[in-house]
Amino acid sequence: MPTSYVNPEYPYQHSPDQDAQLPTHHPVIIAGGGPAGLAAAMDLAQQGVRTVVLDDNNTVSVGSRAICIAKRTLEICDRYGCGQAMLDKGVTWHLGKVYFGEEQIYEFNLLPEEDHKVPAFINLQQYYMEEYMVKRCMEMPEIELRWLHKVTAVNTDDSGTKVTVHTSEGDYTLSCDYLLVADGANSHIRSSLGLESKGQVFEDRFLIADIIMKADFPAERRFWFDAPFHPGQSTLLHKQADNVWRIDFQLGWDADPEEEKKLENIRPRVEAMLGKDMEWELDWASVYTFRCRKMDSFIHHRVFFIGDAAHQVSPFGARGANGALQGVDNLGWKLAAVMQGRAPESLLHTYDTERQHGAKENILHSTRATDFMTPKNNITKVFRDTVLDLSRHYPFARALVNSGRLSKPCSYPSSPLNTLDSDNFGAGVEPGSPCPDAPVGGGNGSGWLLNHIGNRFGILLKGEVDSNKLDHLVNSANALGQALDLICIDTADIQREDAVYLRDDKGVLNQRYDLGASAVYLIRPDQHVAARWRHFDPEAVAAALRRALGSELATEQAA
Amino acid sequence: MSTLNLDSNFSDADAFYAALADIHRDRTPEASEQINARLILLLANQVGDQAILEQALAIAGQIDSETDHDK
């Protein structure tokens with residue numbers, strides 16, 4: 001099979017831990033070096049926490065696998081320092097077209113809004129995403145990557161965890177305070193601990209045919225219900241980097257996976273779609289089924305499940321890897337705050353509460369899309385086909401057409417870490433929501449708000465700022481062990497060494513955050529809003545900061 | 001005259017569709033038919049306005065299978 005990509009091989013290295021008489025202790029071990037595990041290592045490194053990443057393989061993803069990278073994921077990766085490489089290589093798209101038979105029935109534009117650093121989506125093969133993540137991990141001294149070190153057994157209780165690792169040279173044992181499990185959908189560690197990921201299996205099969213071709217189709221997402229070239233089934237066409245195109249054919253439950261993977265069976269399907277004259281080569285093929293499921297709790301003693309090991313969705317909606325990254329984004333700062341003594345252990349439980357909410361949202365949307373695409377009985381097929389038929393003429397029916405509701409950043413509106421609004425905001429960003437980006441002048445010169453916040457708590461200040469009050473807040477934060485980013489918007493009246501001054505030249509920041517003449521936002525290290533006010537009261541901000549660090553959580557949750 | 005709204009008026013289109021699929025889950029075809037009839041009657045009463053109902057009936061009646069048959 002020709003291929004557009006050669007997988008890098010990372011060498012096995014012997015670790016001194018393998019010669020130790022007693023298990024070497026590491027504060028944090030991460031099992032699994034896919035997108036979730038690598039992201040977790042980078043997130044913790046940004047917080048100054050050292051990690052050891054154990055992976056059973058010696059390369060990145062084999063095959064393109066997850067290809068749609070959402071805006072929020074790109075922003076998170078930008079915070080880690082590997083977002084630009086993805087943007088440079090990825091294919092930017094924002095237009096999606098939906099067809100029923102020959103006819104286009106619907107089209108959507110994902111980000112009609114200007115003034116964002118990153119686009120709504122890029123398409124990039126998972127191996128590139130992982131390769132750039134590995135490269136960034138290797139630059140970070142806090143991260144030790146161990147390839148071909150496979151976790152084979154885990155023993156855990158409230159005091160910590162022992163991990164047995166298998167290598168070509170034999171087994172060895174490590175101990176850790178926290179184990180992050182990122183060993184994928186069929187998590188061996190999860191099952192070895194007697195834990196389950198529960199949900200439903202969908203009785204349908206899909207063929208991914210990644211083909212290399214030079215075609216001048218636009219970089220749009222094109223989705224067919226009942227495609228004329230693939231009758232009765234759906235088909236997806238999507239462009240990736242290096243002139244690779246993802247074609248996803250629905251096959252039905254009765255299809256034979258081994259037969260369908262063969263080139264001689266793929267060729268007629270592709271030719272029916274693109275015509276016999278189109279020149280293409282097969283890059284990678286896979287037949288898959290999928291499940292929507294999650295664990296009841298993502299935490300087991302001091303073992304934290306992240307990514308597909310914790311929750312799994314169908315691919316329509318791009319909520320797998322994108323959901324994984326938002327989970328890691330949520331966990332990293334909390335784990336660091338607890339490990340560094342800045343927050344009670346109960347803060348860690350909000351990883352579970354906030355991300356259960358995120359996982360449920362992702363499963364709900366991807367289940368609905370899957371149910372629409374694969375009706376379960378005759379009557380739902382009649383409804384589905386009627387919706388598609390009506391949608392050709394009547395706009396109301398287009399609202400019901402579902403070819404995947406694409407991943408949007410998750411908000412945590414009912415998180416116990418939020419301080420509810422006491423002041424009047426007509427719009428802006430509610431507590432629990434991720435911060436939208438906006439163009440800014442000044443500061444580090446990057447030109448974007450999101451490059452000025454994150455990794456630490458920060459406050460965004462607009463209006464008259466009293467430096468004494470700021471001192472008061474900084475002292476309160478210091479007493480909690482918190483360094484605080486002070487970000488002043490269009491403020492000329494004070495000059496402080498410890499503040500960053502940004503200009504809202506285009507007025508977009510004002511509009512997106514409803515800043516008005518005066519506003520204060522408290523922002524978490526994962527760039528989610530914790531609280532906001534119209535006027536700056538250092539006591540109120542300090543109280544919200546304590547709450548965001550878990551001071552108000554019931555202590556029994558710490559169990 | 002009142003006009004049938006053909007733009008989306010759903011407060012949550014996906015949730016409605018999921019609930020519709022759910023109510024038909026594991027039903028016999030006869031039961032499904034009955035559920036549909038009940039649903040139409042309930043919603044028709046909610047709409048009430050005869051002029052609007054007649055416009056909806058007119059669109060609903062134009063089904064492809066019959067159009068093809070007429071050709």
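This is a short tour of the structure, stop by stop, with something to select at each one.

The model is predicted, so to speak of local features we need pLDDT of at least 70, and side-chain atom pairs count only at pLDDT 80 or more, while totals for chains, interfaces and linings use all residues. Residues are numbered from 1 along each chain as its sequence is written, chains are lettered from A and ligands numbered from 1 in the order written, and side-chain values use heavy atoms, without hydrogens and water.

**Stop 1: the rings**

Select Phe, Tyr and Trp: a search of the whole structure turns up 27 aromatic pairs over all chains. Two rings pair if their centres lie within 6.5 Å, taking the six-membered ring of Trp; planes under 30 degrees apart are stacked, over 60 edge-to-face, and the rest tilted.

Go to Tyr5(A) and Tyr127(A), a stacked pair at 3.9 Å centre to centre with 15° between the planes. Tyr5(A) is in the segment before strand S1 (24–31) of chain A and Tyr127(A) is in helix H4 (residues 126–139) of chain A, so this pair ties together parts 122 residues apart in sequence. Helices (H or I, at least four residues) and strands (E, at least two) are DSSP runs, numbered from the N terminus. Both Tyr5(A) and Tyr127(A) are buried, where buried means under 20% relative accessible area, exposed over 50%, and partly exposed in between (1.4 Å probe, protein chains only).

Now pick the cluster that ring pairs build from Phe202(A), Phe206(A), Phe223(A), Phe225(A), Tyr288(A), Phe290(A), Phe316(A), Phe372(A) and Tyr17(B). Tyr288(A) and Phe290(A) are both buried.

**Stop 2: the largest pocket**

Next, show Leu390(A), Phe396(A), Ile40(B), Ala56(B) and Ala60(B), the closest to the pocket centre of the 42 lining residues. A pocket here is an open set of points on a 1 Å grid over the protein atoms alone, where a 1.4 Å probe fits, with protein on both sides within 12 Å along at least five of seven lines; lining residues have an atom within 4 Å of a point.

Colour H10(A), which gives the most to the lining, with eight residues. By class, the lining has 29 nonpolar, eight polar and five charged residues; Ala, Val, Leu, Ile, Met, Phe, Trp, Tyr, Cys and Pro count as nonpolar, Asp, Glu, Lys and Arg as charged, and the others, Gly among them, as polar.

**Stop 3: chain B**

Of its 71 residues, 18% count as buried.
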